[in-house]
Amino acid sequence: MNVTQAQLEELIEECRPYTVLGQVASYIPELAKVDPVQLGIAVCNADGTFVSAGDADTMFTLQSVSKIITLAFVLETFGEDYVFSKVGMEPTGDAFNSIAKLEETIPTKPLNPMINAGALAVTSMLPGTDAADKLLQLRQFIAKLLDIKVEMVKYDADVAESEFETTDLNRALLYFMRYHGVIEGNVEEIIDVYTKQCAILTNCKGLAMMGKILSTSGKTPSGRQVISRRNARIIRAIMTTCGMYDASGEFSVQVGLPGKSGVSGAVVACGRSDFNMADLGIGVFGPSLDAKGNSIAGTKMLELLVQRHP
């Protein structure tokens, strides 16, 4: 049964008060300016129809949700054997920007592609001759996923610059990995691509489309195979174990869907058949974050949606 607009409007009204319990991502100056009480949700139903409510049309940056897109791109381009020779697939239990496991793991490589170290390693694998070409090819891949023109895939230059100027910890992770042979290339070029990748703009419908593609084994609502079945399954599995930072276990218990969040307040989730939500894609935006960096009201909406969907 399809999710209805009335259901989503009820969720927005019920969950908006949760926004006052969290805070926006103030460590990124541009994100600190965002209105914390915004809240939106969109669902791409099993039949391909979209419904939405709240601030679903508001544009926001992907932030860490971009990690599943770059992972899909490099898996499609180079294959899983190569990708997972450079980055693992195990949860860490540590904060997303921690360097601890890099120091403890032998041989040194990031434990999964959803923590910053792993995402940076994945970004370093993007095909292209330089930073501009890598970003262009990534935008072309996103345009193919969303069935839009590449000119419509834009990034917020102010947010990208803000992150570029405040991302010394990510630089440290890259230098550490380059020293140990995990990555190759120019650190500043990788940071340039990574910060712009995180600043790519979307809305709840765009997230719902991404979730729909992953939940339907790599197919768009129109039936185009844009990601292989195998790679879609890999990404869903990694979202389940690692997608919500070090709250992934709690999210799996409370919500039960493969999900990936970003500190912009974005969350993308994929439906599951055992929840009577097969083939659904869900996109949420709520910039007020909990202590783990996940949308506090957005996560609550997903929890209630799963509980109430017939």
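**Side-chain contacts and strand pairing**

At 38% relative accessibility, Tyr82 counts as partly exposed. Buried means under 20% relative accessible area, exposed means over 50%, and partly exposed lies in between (1.4 Å probe, protein chains only). The model is predicted: local features need pLDDT of at least 70, side-chain atom pairs count only at pLDDT 80 or more, and totals for chains, interfaces and linings use all residues. Residues are numbered from 1 along each chain as its sequence is written, and side-chain values use heavy atoms, with hydrogens and water left out.

Across the whole structure, a search finds three aromatic pairs. In one of them, Phe60 and Phe285 are stacked, with 4.3 Å from centre to centre and 5° between the planes. Phe60 belongs to strand E3 (residues 60–61) and Phe285 to strand E7 (residues 281–285), so this pair ties together parts that are 225 residues apart in sequence. Both Phe60 and Phe285 are buried. Phe78 and Tyr82 make a tilted aromatic pair, with a centre-to-centre distance of 5.6 Å and 55° between the planes. Phe78 counts as partly exposed, at 39% relative accessibility. Rings of Phe, Tyr and Trp (its six-membered ring) pair if their centres lie within 6.5 Å; planes under 30 degrees apart are stacked, over 60 edge-to-face, and the rest tilted. Helices (H or I, at least four residues) and strands (E, at least two) are DSSP runs, numbered from the N terminus.

Aromatic rings also meet charged groups. The charged end of Lys205 sits over the ring of Phe50, at 4.8 Å from its centre. Tyr245 has the charged end of Lys260 over its ring, 4.5 Å from the centre. A charge sits over a ring if NZ of Lys or CZ of Arg is within 6 Å of the ring centre and within 35 degrees of the ring normal.

Side chains of opposite charge can pair when their charged atoms come close. The structure holds ten salt bridges, each a side-chain nitrogen of Lys or Arg within 4 Å of a carboxyl oxygen of Asp or Glu. Glu80 lies in helix H3 (residues 80–86) and Arg230 in helix H11 (residues 229–242), so the pair ties together parts that are 150 residues apart in sequence. Glu80 is partly exposed, at 26% relative accessibility. Arg230 is also partly exposed, with a relative accessible area of 38%.

Other salt bridges lie within a helix. Arg171 forms one with Asp168, and the closest N and O atoms are 3.3 Å apart. These residues are three apart in helix H8 (residues 168–179), so about one helical turn separates Arg171 and Asp168. Arg171 is buried, with a relative accessible area of 12%. Asp168, by contrast, counts as exposed, at 54% relative accessibility. In helix H9 (residues 187–198), Lys196 and Asp192 are four residues apart, or about one helical turn. Their salt bridge has its closest N and O atoms 3.2 Å apart. Lys196 is partly exposed, with a relative accessible area of 22%, and Asp192 is partly exposed with a relative accessible area of 22%. Glu10, Glu14 and Arg308 are linked in a network of salt bridges.

A nonpolar patch on the surface is formed by Val20, Leu21 and Val37, with about 290 Å² of accessible area together. Patches are made of residues with over 30% relative accessible area and no salt bridge, joining like charges within 9 Å and nonpolar side chains (Val, Leu, Ile, Met, Phe, Trp, Tyr) within 5 Å. Accessible areas come from the Shrake-Rupley method with a 1.4 Å probe; for residues, only the protein chains shown count as cover. Leu21 lies in the loop between helix H1 (5–15) and strand E1 (40–44). Leu21 is exposed, with a relative accessible area of 60%.

Strand E7 is mostly covered: five of its five residues are buried. In a regular strand the side chains alternate between the two faces of the sheet. From E7, Gly281, Gly283 and Phe285 point one way, while Ile282 and Val284 point the other way. E7 pairs with E1 in the antiparallel sense over five bridges. Val43 stands opposite Ile282 in E7. E7 also pairs with strand E6 (residues 266–270), in the antiparallel sense over five bridges. Here Ala266 stands opposite Phe285 in E7. Two strands pair if DSSP finds at least two bridges between them.
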